[in-house]
Each structure stands twice: as structure tokens, then as C-alpha cells.
Amino acid sequence: MGKRRPKSCHKPICFFFFLFLFLFLVNQHSTALQLHVLHETHLLLSFKASISKHPSSFLSNWNPSLPTCQWNGVTCNTASNFTNITAINLSAQNITGTLSDSLFRLPYIQILDLSDNQFVGELPLNMFAVASSSLLQLNLSNNNFTGPLPTGGVSGLQTLDLSNNMIWGSIPEDIGLFSDLQFLDLGGNGLMGEIPNSVANLTSLEFLTLASNKLSGEIPRALGGMKRLKWIYLGYNNLSGEIPEEIGQLGSLNHLDLVYNKLTGKIPESFGNLTRLQYLFLYQNGLTGTIPPSIFSLVNLISLDISDNSLSGEIPELVIQLQNLEILHLFGNNFTGKIPKALASLPRLQILQLWSNGFSGEIPELLGRQNNLTILDVSTNYLTGKIPDGLCDSKRLFKLILFSNSLIGEIPQSLCSCQSLRRVRLQNNRLSGELSPKIFTKLPLLYFLDISNNQFSGRIDGNKWDLPSLQMMSLARNKFSGNLPEFIRNDKIESLDFSANEFSGSIPENIGSLLELMELNVSNNNLAGGIPSEICSCKKLVSLDLSHNQLSGEIPVILTQIPVLSFLDLSENKFTGEIPPVLGRIPSLVQINISHNHLHGTLPATGAFLGINASAVAGNNLCSSEIISTSKLPSCEKRRYNHLWWFMAVLGVGALLIMTGVLIAIRRRKEAKRVVENEEGIWEVKFFDSAAAKLVTVEAIVSAAEAEESGILFVVEKDEEKWRVEGNFWSEVEELGRVKHANVVRLLGACRSEKAGYLVREYVDGGILSQMVGTLSWERRRIIGIGIARALQYLHLRCSPGVIASSLSPEKMIVDEKYQPRLVIGLSKTTVSSHYSAPEVKESRDITEKSNVYTLGVILIQLVTGKGPMDPEMTVHRQHLVEWARYCYSNCHIHTWIDGSITATAADPNQIVGFMNLALNCTAAEPMARPSSHHAYETLLSLSRTTCSSKLCSS
């Protein structure tokens, strides 16, 4: 028994030993857990410390007194013994601040989403280097991050979205380190340089978006090795070269978008291998050649847009294989031949736009019967024949655009029941017949109707025009007769054009019910009677053209009650009496024509009459005061003299006065326009600057020499066209010579011979605006925008007659040493950059005040966005910049379209928004919807004086 006692005495020791060991291990685990929690809490609070503002108070419970897993936006994984933070989602909380690297250091983080906030500053340069290997999804899109892309990579990362920020620099070569990446979106930034070939290392990538940057160079051929790619979006860059054939190896590709680049060459034949492709967008490039036949084997194709290129050839009947096609855009190319009949057999076809090509023949007779058409635009082609009867069989057609063809026949009766129609443009064809009481008279959604310049005839005053949504109607240049039509149930009409028809009767009194009317043109008809007093109810009327009719009576004083009336044409009528003096006091009236009536009395010496052109008052019995020198009317004072005294005076001194006047005129003409003969020939020379007239010689002009020794510097522009026409050249030169404004380069003189014509302008020390935009601060861009608008207002309103600025573009504008813009105004019909010209100028080549305003809008867009027009070699439809801006303004984050280089210098973003808002108004498709240059100038001044009006903020 003595031997067993020691053994039993060890049991308490063992018990306490194991108990101690257990407590030690538990304490160690608890300590490690506490340290882990403290580490994560510290990282979260470090991130919160970098936040300057969180208006939603979403982060108000980020407090150490609460467990981190209960904090808003924080998700934890409690499956293991440790409580790990695995996800942080602070999306769309309007958070402002900078981003530190603390969140990337969370050891078990898998999802980090800070998108749709107001984060600023550069991305942490080490964020990928310190990021946890557990990170799977990173979304920092739609913020205001700047600076370069951080280098490094996270091998396990599957989603990387940095889109719609202001990140600049190039895409790092080590982008290929993200070996497991499936989704990559770097779009909507300011990235430059070429796409690195290392992107091909992302063999797991399914979605690639690099759109809306400034990337250049060629598309890497190595993309063809990324077999899992389903989506490629490289649009809105400066990529060049040909589209790689290797892209045709991407058998999984569903969506390919390469729009708005400078790609050339042909569409690859290999695209026929993309059997899963549903969306193919190649528009706004410089592609040439024909559509490869293999394209028509893509039976899954839903949308095909290859518009605005230089493609040619015919569209084959093979298009019938695209049975799933819903959208087909081929406009703005050089396609020829007939529109394929097979298009009528595509059951899902909704949108068909073939405008601005060379298509001929007839519109397929069965088009619309088996389709699901919503939009049809085949305008500006060489189409003949009749309008097919079944275009609206889908009952969904809302846009029918057929203008500028050679279509004949009557409008199909089926269109009268097309209740879905909203926009109809059939102008500039050879359509004929009468409009039955059912055609276009009872369509509830129709807001735009233009059937002008056809051969329609008959009366339409018996029709009940029940068009509650109508905003614009043009029946001009047809052969309609009878009374003017009257409208019922309409309070939205803004523009009516019934000019150049055979309408008779009087202007209907219910014209006053059209409270939104802005433009009324009934000129060149046979209307009689007076101007109805009810017209004064049209408080928004801007333009009123009643010219070339048989209207009579006195000019009514009630016209002065139209507060925004700017253009009034009463010429070629039978108006009598005196001109109401108050007519000249309408502050908005800038242009008036009362010529060839039976008016008498005194021409008012106020408002628009002060600078009125002589042709606008001719053909009456009017006189004027001495202060109106442009009207060329006799002085009213002289008419009070005794006729006998006047007769005797004429007999006594008439001959002397005539001879003296002739001599003075000859002398003045010689002074104004000298004739100089030298070795080059005989030159006509005229100067508008006295110093230049003394110091500048013809030899100096022809040789483009600068008269430095005389203290005069000048620039010579050789005119290639107008010099040949004597009358036009000198009349326009004299008009430009009278222009003197701080924002316009002065014309010092001109000379002309039988061989050439030259314009001599003052030398302005400065830079070309188009080359400087990217280097200017917002304040200087703002000043330049105001200066351009100020110059246009002066040219349009202060010059008599008004001067239209041709060749208006940033390439023709100089920014002087004080950063003031100086416009170089050319002669009319000077070649106009199609990139800046209004849509109507491309058709008519006529530049107007409204087209000047359109150009102003494009320039304002360029000042705000920093983006200029696309490749100058592309000559088709300079709409891309405007359309892009309009889309971004309506649908994108503000910092996707504001030039990133001005964000830091802009004191008030709302001011920039206001500039863009005005720019989009100036670039409205319809000229009458654009503001005047005066209104644009006043708006820009107002934006500069106030930070944000209520109207601007709400828009």
C-alpha cells in the first residue's frame, strides 16, 4: 500500500496543469480575437476619418460603442470562430471625401462598393499592392476620382469597375496581373495612350469596357485570344487603324461596340464566325468597302448599326436571314441600289434608318405588313414610286421620315388611322392629290408634321384638324386653296408655316387661341382683310410673316402687346395709314419689313426702325427724320417747305447741286476705292483704316508682307471665290469693313484684280481657340464663351443690315493676350466646317442667325467638355458631339461630360451645368427652337452673375 500512495497524490497536479493550460489557450484565443476586431475597427474608423461629408447620416452609427458588424453598410461572416468583415457597401450615399488604403487592408474583405458618391482626389497608388487576396469585387464607379490608375494587381479579383471618374494617364502594362478578372470597366475617364497588349492575359475576362476615354492607336490583335469575352465596348475614343480580323475568333461574343473612333478599312469577313453576336455597333468611323456577306449569316443579330461611315455597294437580299433583327441603321453612307425587298420579311424589325445614302427605286411594297415597325427613315435618297400602304400595319409606327426623295402619288389612306404617329416629314418630294378629311387630321400623338414643297392641292379648310399634341406644322410650297385651316383642342402649337400656297380669305380670328405659337408664316398667298386683333393673345410669338398677300387696313397697334415679337414682315400688301409710333418701341423687335404697301407719314425713329435697311421701307410714301440715315427716305422737314419755293430753288441751283454732287460722289468713290496698276495688273483697292490706307501697298498685300517699319501688322487672306463677282465682292467687303467690335478681328481693307482677291485684316497676337481649349481654366473658357456670344449679338442686332458670321468655328477664332475671343468673319458662301454647322445648313448651304446660334452651342459644348468634333476627314453629319452631349447631360453623371481639367478651377459646378443647358438649347434640331444670340448672351451673363437660379437648379 505504501507504494501506491505516491501515484494517487499526482492526480490533483495533473488536473490543475490541464486546467491552467486550457485557460491559457482560451485567453490566447480571446486576445487574438480582440486584436482582430480592434484591427478591423481601426481600419474602418481610419476610412471614416477621411470622409468630409455624408448628408444621409448613413455612417452615423459607425461608433466603437457598437459592434462593427452592426454598422451600416458592413456585412460580416460569422460562420467561423472569428467574426470577419467580408463586404462593405456604401453605394449612392452622397458621401464626399478622399479614399485611403485602409479598407483594402481588411484581411477578409470580398466585396467593396463605394460607387455613386462624391469621392475626390487620387486613388491610393498602393491600393492593389496592399489589397487582401480575398477581394473579389471592387466598384468605385461614378465618383470624382482623379490621377493615374494604380499599378499592381490582385490575382483573385473578379470585378473591377472604375468607370465614370476623371482618372487620367495610360492603362498600366501590369493590368494583365488581374488573372481571374471577369468584369473590367474603365469607361468614362480621361485615359490616354494605347491599349496595352497585356490585356490579353485576362483570359477569364467576359466584359471589357474602355469606352469614353481618349485612347489612341490600334485595337490589339491579341484580343482575339480572349475566348471568354462576351462584351467589348471601346467606343468614344480615338482608336485608329483597321478592325483586327482576330476579333472574329471570339465565339462567345454577344456585344461588340467600336463607335465614334477613327477606324478605317473594311468590316472583317471573319465577323461571320461570331455566331452568338446580337449587337454590332460600328457607327461614326471611317470604314469603307461593302458589307461582307458573312454578316448576313449572324442569325442571332438583334441590332446592326454601321451608320456614318463611308461604306458602299448594295444591300443584298441575304438580309432575309436576319430574322431576329430589330434595329437596322445604315444611314450616312454611300450605299446604292434598291432597298432589298427581304426587309419586309423580317418579323421583328422595329427601326429601319437608311437616310443619306444613294438608294434608288421604290420603297418595298410590302414593307410594314409583316414587320413591327416603329421608326422608318429613308430620307435624302433617290427613291421613287408611291408610299407603301402597309407601313403602319404594326399599329406602332411613330416616326415616318421620307423627305428629300422623288416620291409621287397620294398619301395612303391607311396612315389616317395610324394613331401611333408622332413625327411625319414628307417634304421635298413630288407627292400630289388632295388631303381627305381623314388624313393627318385626327391623330392624338402627332406633334410634328411637314409635307412642304410637294404638289398637294385642294381645300383643307373643311377638315376638322383635331391634333391635340401638334407643335409644328408646315404645308408650305404646295397648291392648297380656300381658307386657312382652323384647329380645335390644341394648346401646344409652336410653329405654323402655310406660305407659298393659294390660300385666300382672311386670317382666322381663333389664331389667338394658339397661346404657345412662336412662329406664323402665311406669306405668298392671296389673303385679304386686316390683321385680327386676337393675335395679340399669342404672347410667345417671335416671328410673324404676312408678306406677299392682299392684306389691308392699318397696321394694328395691338402688335405692340406681343412681348417677344422679334421678326415682323408685312411687305407686299395693301396696308394703309401711318406706322404706329409705338411699333418702334417693342424692345424685342430686331427686324421689320413694311416695304411695298400704301403707308405714309413719318418713319418712327426708335427701336428696329433706327437701323432699318432702305429695301425694308421702299415702295411707300414715307419720310424719315435726319437721325435715320440708312432708310434713304426723304426728310420729313423738307416736305414742309413751300412747293413753289422748292420748285424755284431746283430751277435756280438744281444743275449746280447735281454737278457738285456728282463731283463729290466721284471724288469719294476714288477715295474709297482706288485703282492701282503694277506688274501684276490693275487692282481695285479699298481701305477702312486711315493708317493702313497710307502705309499698306498692293505689293505688300499680294506678298503677304508685314509693314513692320510703319508700325502696322496685318494678315492677308486670299479669297478663292467671291473676287470673281464684282458686285458681291465689294458689297460684302464694305459690310465687313463697317464691323468694329472688340471681339471681331477688324477688316482693314481689300484689293481685287482679274486674277485674285485679297482681304487685309488686323494682326492679333494670340492663339487659335481650337488648339487652346484643353489648356484653359474654366474662368477663361467662361470669358471666351461670353465673348463669342457678345460678338454674335452685335453682328445680328447692332449692325445694319445684320451680319451673318460665315466660317464660324474655333479654328477661325483667335484668343488674344487678354483671353478675349476674336472672331474672323469671312465672306458669305465661304466653306463652312460641317463639324460646327447646323443640320439645315448641310442641306441648303444657307447660313442664318439661327445657324450661327447652333454653332455657338457646339462651341459651348466644346468649352465645357473639352471634346472637339470627330475626325475632320469625316464629312457626313456633324451631329456626333451634340448627340453625345445631349445623351450624357440627360443620362450620365455630371463628371462624365465636364472636362476633368477644369473641375478643380470651377468655382461653381452649377455655372457649368447652366452653360451646357444653354448649349443644348442652342443646338436644337429645329431652328425656331433655338434662342436668339441676344438671349444666349444675356443668359451667359446671368449665369456669370448668379450661382444657381431656381430654374437652372431644377433643370
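## Strand β14 and its two faces

Strand β14 has a covered face, made by Leu 215 and Gly 217. Its uncovered face carries Lys 214 and Ser 216. In a regular strand, side chains alternate between the two faces of the sheet. Strands here are DSSP E runs of at least two residues, and helices are H or I runs of at least four, each numbered from the N terminus.

This is a predicted model, where local features need pLDDT of at least 70 and side-chain atom pairs count only at pLDDT 80 or more, while totals for chains, interfaces and linings use all residues. Residues are numbered from 1 along each chain as its sequence is written, and side-chain values use heavy atoms, with hydrogens and water left out.

## Partners of β14

Strand β12 (residues 190-193) pairs with β14 (residues 214-217) in the parallel sense, over two bridges. Pairing requires at least two DSSP bridges between the strands. Met 192 has Lys 214 as its bridge partner. Gly 193 stands opposite Leu 215.

Strand β16 (residues 238-242) also pairs with β14 in the parallel sense, again over two bridges. There, Gly 217 stands opposite Leu 239.

## The whole sheet

The sheet is open and has ten strands. Their order is β10-β12-β14-β16-β18-β20-β22-β24-β26-β28, with parallel pairing. The edges are β10 (168-169) and β28 (382-384). Each has a single partner strand, so one side of each is left without a neighbour in the sheet.

## Leu 446, a loop residue

Leu 446 lies in the loop between β32 (430-434) and β33 (448-450). Is Leu 446 buried or exposed? Leu 446 is buried, at a relative accessible area of 0%. Buried means under 20%, exposed over 50%, and partly exposed in between, with a 1.4 Å probe and protein chains only.

Beyond its neighbours within four places in sequence, Leu 446 is in contact with Leu 421, Arg 422, Arg 423, Val 424, Leu 467, Ser 469 and Leu 470. Contact means heavy atoms within 4.5 Å. Ser 420 is 26 residues from Leu 446 in sequence, yet 7.9 Å away in space, C-alpha to C-alpha.

## Helices α11 and α14

Helix α11 (residues 849-865) packs with helix α14 (residues 909-922) at about 150°, their axes 8 Å apart. That makes α11 roughly antiparallel to α14 (over 145 degrees; under 35 is roughly parallel, 65 to 115 roughly perpendicular, the rest oblique). Axes are lines fitted to C-alpha atoms over the stretch in contact, and angles run from 0 to 180 degrees between N-to-C directions.

Residues of α11 in the contact include Val 853, Tyr 854 and Leu 860. Those of α14 include Ile 912, Phe 915 and Met 916. By class, the contact has twelve nonpolar, two polar and no charged residues. Nonpolar covers Ala, Val, Leu, Ile, Met, Phe, Trp, Tyr, Cys and Pro; charged covers Asp, Glu, Lys and Arg; the others, Gly among them, are polar.
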